Amino acid sequence: TLSPSSAASDVYKRQEHIRQARMSFEDTALAQEDEQIDDRSMSYDCWELRKNIADESTPLEERDNAAAELEQIAHHGDPHAQYIMGLLFRDGGLLVPDAEQAKRWLEVSAQELPDAQYALGKLYLSDDPNIHDPAKGLYWLQQSADSGHEYAAYRLGKEYLTEENISKDPAQAATYLRQAAEQANPYAQYLLGKLYLMGDGVPKDKELSLIHISEPTRHLRIS
């Protein structure tokens with residue numbers, strides 16, 4: 001755990017990188033955190049099948065059968081089953097990876113679930129040449145962020161800073177990062193703190209910068 005003064009030192013070391021738009025992002029653990037499935041509104045059948053699929057101690061045949069049953073539920077219009085099928089085809093492991101199938105299932109689920117909108121946005125922004133479509137990726141991230149998805153807002157904030165898929169706009173980046181930070185997203189808090197330090201897209205405010213940075217550094221690994 002770093003103290004606020006240590007966190008400030010870390011920010012100052014990166015100051016020149018930020019000025020030159022070579023923003024660093026402390027989100028190496030993000031892949032394990034940003035797609036937590038909200039099962040509060042999930043049907044029991046879908047929940048039970050998902051649990052069996054995820055349990056690697058379950059015999060492979062039983063997991064395959066569970067995936068087949070889940071696909072049937074997805075075909076009948078269950079958005080959670082559709083979302084999970086999209087993730088299964090995207091990530092592989094139990095099913096053979098198939099980006100087109102992943103896109104198909106996520107697109108139907110995205111009509112209802114912000115989590116699916118976020119996953120679909122990331123899929124379109126991936127490096128897969130058959131799927132890559134920045135305009136659609138940003139559209140679905142926007143839909144998800146508008147529905148309150150904190151990681152979609154964080155990802156949009158990053159997009160407006162990196163210039164990879166959209167023109168750089170620090171003020172717009174700060175708007176999305178603030179949205180995520182207000183939901184206590186530590187990655188957004190930390191990055192927003194850097195913007196306040198540099199006055200990039202927001203008024204320069206070192207005290208406010210440290211307020212945003214000191215709390216997330218208790219949870220993030222900052223090297």
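Reader: What does leucine 70 touch, not counting residues up to four places away in sequence?

Author: In this predicted model, leucine 70 touches Cys46, Leu49, Ile53, Ala81, Ile84, Met85 and Leu88. Contact here requires heavy atoms within 4.5 Å.

Reader: Which residues touch the most other members of the largest nonpolar core?

Author: That core has 30 residues, and Ile53, Leu70, Tyr83, Ile84, Met85 and Leu88 touch the most other members. At least two residues of this core come from each of α3, α4, α5, α6 and α7. Helix α5 gives the largest share, 7 residues. Another core, of 25 residues, lies apart from it, and Leu141, Ala174, Ala181 and Ala188 are among its members.

Reader: How do you know that the span of helix α5 agrees with its number of residues?

Author: Helix α5 has 13 residues, 79-91, and at 1.5 Å a residue it should span 18 Å. The expected span uses one less than the number of residues. The C-alpha atoms at the ends of α5 are 18 Å apart, so the two values agree.

Reader: What makes α5 mostly covered?

Author: Of the 13 residues of α5, 11 are buried. They are Pro79, His80, Ala81, Gln82, Tyr83, Ile84, Met85, Gly86, Leu87, Leu88 and Phe89. These buried residues pack against α3 (44-54), α4 (60-75), α6 (99-109) and α7 (114-124).

Reader: What is found at the N-terminal end of α5, and what follows the helix?

Author: The N-terminal end is capped by aspartate 78, which has a side-chain oxygen 2.9 Å from the backbone nitrogen of histidine 80. After α5 comes glycine 92, with a positive phi near 70°.

Reader: Why does arginine 90 count as partly exposed?

Author: The relative accessibility of arginine 90 is 25%. Buried means under 20% and exposed means over 50%, so arginine 90 at 25% counts as partly exposed. Aspartate 91, at 48%, also counts as partly exposed.

Reader: What makes the pair of arginine 90 and aspartate 91 a salt bridge?

Author: Their side chains meet at 2.6 Å, N to O. The cut-off for a salt bridge is 4 Å, so this pair qualifies. Side chains of opposite charge can pair when their charged atoms come close. The structure holds 7 salt bridges.

Reader: What joins aspartate 34 to lysine 122?

Author: Aspartate 34 and lysine 122 form a salt bridge, with their closest N and O atoms 2.8 Å apart. This pair links distant parts of the chain: aspartate 34 is in the loop between α2 (15-19) and α3, lysine 122 is in helix α7, and 88 residues separate them. Aspartate 34 and lysine 122 are both buried.

Reader: Which residues are linked in a network of salt bridges?

Author: The network links Asp34, Glu35, Arg90, Asp91 and Lys122.

Reader: How do you know that arginine 155 and glutamate 159 are separated by about one helical turn?

Author: Arginine 155 and glutamate 159 are 4 residues apart in helix α9 (residues 150-162), which means a separation of about one helical turn. Their side chains meet in a salt bridge at 3.0 Å, N to O. Glutamate 159 has a relative accessible area of 4%; this is under 20%, so glutamate 159 is buried.

Reader: Why is isoleucine 37 called buried?

Author: Isoleucine 37 has a relative accessibility of 19%. The cut-off is under 20%, so isoleucine 37 counts as buried. Isoleucine 37 lies in the loop between α2 and α3. Leaving aside neighbours within four places in sequence, isoleucine 37 is in contact with Met42, Arg50, Tyr83, Ile84 and Leu87.

Reader: Is aspartate 128 buried or partly exposed, and why?

Author: Aspartate 128 counts as partly exposed, because its relative accessibility is 25%. Its place is in the loop between α7 and α8 (134-146). The side chain of aspartate 128 reaches the backbone nitrogen of asparagine 130 at 2.9 Å.

Reader: How many helices and strands are in the protein chain?

Author: The protein chain has 12 helices and 0 strands. Of its 223 residues, 48% are buried.

Conventions:
Residues numbered from 1 in each chain as written. Predicted model: local features only at pLDDT ≥ 70, side-chain atom pairs only at ≥ 80, totals over all residues. Heavy atoms only, no water. Buried < 20%, exposed > 50% of the residue type's maximum accessible area, 1.4 Å probe, protein only. Polar contact = N/O pair within 3.5 Å; in protein donor to acceptor, adjacent residues only side chain to side chain. Core = buried A, V, L, I, M, F, W, Y, C linked by side-chain atoms within 4.5 Å.
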